[in-house]
Amino acid sequence: REDGGGGDGWGEPLRPAVHRRLAELVAHFDSPDVRQHRRSAEYSHQISSLPSNPKVVGLLRELPDSEALDALDELDDEITDAIFSSSSAGIRKINSVAGYFAGMLRRYQRGEG
């Protein structure tokens, strides 16, 4: 369903600032500069599916804009580190971006962001 506001067909659309930041995140990790890096393929497809993931979208809806935006920035930093780190030492491999992000969003819900 295309409603122009980040809706996923499961409920209300995301608020504009959160929808915009999520769209920026997806576009960034799908950009040619990022996609040329050898580790990006592991993440770009998973990140592009976040806007249609009902669990992620539902959790983003429940947070105040400031916390949802902080969580999106944190995810951006984590994925950037995972892709662009010059060594694999100390950098975790994120097997499921949606699962990892859902856990992060739950942490923000508990006030531990």
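Biologist: Is arginine 110 buried or exposed?

Modeller: This is a predicted model, where local features need pLDDT of at least 70, side-chain atom pairs count only at pLDDT 80 or more, and totals for chains, interfaces and linings use all residues. Residues are numbered from 1 along each chain as its sequence is written, and side-chain values use heavy atoms, with hydrogens and water left out. Buried means under 20% relative accessible area, exposed over 50%, partly exposed in between (1.4 Å probe, protein chains only). Arginine 110 has a relative accessible area of 53%, so the residue is exposed.

Biologist: Which residue forms a salt bridge with arginine 110?

Modeller: A salt bridge is a side-chain nitrogen of Lys or Arg within 4 Å of a carboxyl oxygen of Asp or Glu. Here the closest N and O atoms are 3.2 Å apart, and the partner is glutamate 112.

Biologist: How many salt bridges are there in the whole structure?

Modeller: One of them joins the side chains of aspartate 65 and arginine 15 at 2.3 Å, N to O. That pair links distant parts of the chain, 50 residues apart. A search of the whole structure finds five.

Biologist: Which residues are linked in a network of salt bridges?

Modeller: Start with aspartate 76, which forms a salt bridge with arginine 21, closest N and O atoms 2.8 Å apart. Aspartate 76 is in helix α5 and arginine 21 in helix α1; helices are DSSP runs (H or I, at least four residues), numbered from the N terminus. Both residues are buried. The network links Arg21, Asp73 and Asp76.

Key: Helices (H or I, at least four residues) and strands (E, at least two) are DSSP runs, numbered from the N terminus.
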